[in-house]
Structure formats: C-alpha cells, structure tokens
Amino acid sequence: MGNKTIVFGAGLSAVLLLSAVVLAQGIGQHGHGQAQMHQNHQHDMARMPGLQGRDTTAEEVGDMAAMFRNHPSLARQVTLLPNGIRTETSTPDPALRDALLRHVIGMIDRVDTGRDPKVRIQSPTLDIIFARRAQIETQIDLTDTGIVVVQTSTDPEVVAALQTHAAEVSDMAARGMHAVHEAMARRMQQ
Ligand code: HEM
C-alpha cells in the first residue's frame, strides 16, 4: 500500500483531506477490533477519568484510553530537526493503529483549527502549540502499521515546544499513565 500524505497549515482544507484519508485507509473497518475497543472503553473510562476534556468526544477519550492501555504495543522513533520534529509511531495491532491514526489526525486537526480539547491531564506544553498554531507546518504520512509526523516552525519557542511534546508522547508510549502521573507530580512541586 502506498503512503498517504496530508499537509496541514498550507492553506488546504484539513477536514476535507482528513475525510479523504479516513476513507482511503478504511480506518475503523476492523470489525472485531472496534467491538473490542468499544467494550474496553467503558472499563477504561472508569479507570482513567483524567482523559475527559472540556471538549472531547467519547471516541476521542476511548482512543486515548486504548493507547494508554496498550502502550507496550506502540513503537516510536523521534528525530529532532533543527526546525522541528520527525516522529514515527507504529504498532502491529490493527485496532490500536486505528486508534492512533484517529488520535493523531484528529488532534492535529484540532491544533490546526484552534479547538483545544482541554483534557484534564494534558500537558501544558500544548498551550503554546495551540496558541501559536499559525506558526506550525505539519505533514502526516500513513504507513501500513502507523504514522509519520513531521512538524516544523520558524519560531524557536514553537520548535522547542514541539520537541518537548514529542518527548512527552514518547514517555507516554513507553510508560503509559505512570509517565503522566510523574509529570503531574513534578509540576505540583514547582
Ligand atoms: C499513550 C498516550 C498517547 C499517545 C501514544 C499519543 C500519541 C500522539 C502522537 C504520535 C502524536 C503526533 C505528534 C508526535 O508524534 O509527537 C500526538 C499528537 C497530539 N496529541 Fe497525543 N498521544 C497520547 C496522549 C495524549 C493525551 C492524553 C492528549 C491530551 C489532550 C494528547 C493530545 C495530543 C495533541 C493535542 C496532539 C497534537 C500536537 C501537535 O499538533 O503538535 N495526546 N499524540
């Protein structure tokens, strides 16, 4: 399967492109995985109330819960660029890949359109990313097992925030909720 590319911040309609990619990739067509994820949503929601946001859908919360629950199945490589980041996140689990793709495409669309989900546990690094979204160029490539994200900026503070956020995502992928709890505890001590 050839890679699909989406570019944000280049005057293109993110939403239209998003629909095209979702259709092209058949995200959510894994019947079994979907049913399983749906079942697990309720379980996870009970254990991860911090994933609720002031502006989140049940599907968004469920996808984040699925990523936290299945984080050992996520592999991730981050390259720091002089002007941003290149990340590759993947999983052999098709249902988890669906959740990952929905999350990344959906969240980057939120950044592009300034709709901060205000999830309870979300990192404050996202504040500058949402505030200075006009300074961010994003390119997404879908692979058979995951997603490649390249984000660049000419604003050095935005570059620093993108790099910090990429490290935070890597920590969540590696250690799940422990990473979040430790980061929140560190912030409370500051
Ligand atoms: C296991 C947990 C999580 C995983 C694996 C994950 C994965 C990712 C990935 C792969 C990206 C693309 C950027 C990159 O590769 O660095 C991303 C972006 C994003 N994620 Fe998550 N995420 C997780 C949890 C969360 C949580 C709890 C939030 C809270 C709102 C969140 C909000 C966002 C936002 C807003 C973006 C877009 C950032 C930007 O455009 O620079 N993520 N996430």
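In which loop is the place of lysine 118? In this predicted model, lysine 118 sits in the loop between H4 and H5. Its phi is positive, at about 50 degrees, although lysine 118 is not a glycine. Most residues other than glycine have a negative phi. Lysine 118 counts as partly exposed because it has 13 C-beta neighbours inside 10 Å, a number that lies between the limit of 12 or fewer for exposed and that of 20 or more for buried.

The largest nonpolar core holds 35 residues, among which Met67, Leu100, Val104, Ile140 and Ile147 touch the most other members.

Helix H4 gives the largest share of the core, with nine residues. Leaving aside residues up to four places away in sequence, isoleucine 147 touches Thr89, Leu100, Leu101, Val104, Ile140 and Leu142. In soluble globular proteins, nonpolar side chains tend to be buried together.

Around the ligand there are 27 residues, of which Met67, Thr87, Met107, Val119 and Gln122 come nearest. The elements that give two or more residues to this shell are H3, strand E3 (84-90), H4, helix H5 (125-131), E5 and H6. Sorted by class, the shell has 19 nonpolar residues, seven polar residues and one charged residue.

How values were computed. Residues numbered from 1 in each chain as written. Predicted model: local features only at pLDDT ≥ 70, side-chain atom pairs only at ≥ 80, totals over all residues. Core = buried A, V, L, I, M, F, W, Y, C linked by C-beta atoms within 7 Å. Helix = DSSP H or I, 4+ residues; strand = E, 2+ residues; numbered from the N terminus. Contact = placed C-beta atoms within 7 Å. Near = placed C-beta within 6 Å. Nonpolar A, V, L, I, M, F, W, Y, C, P; charged D, E, K, R; others polar.
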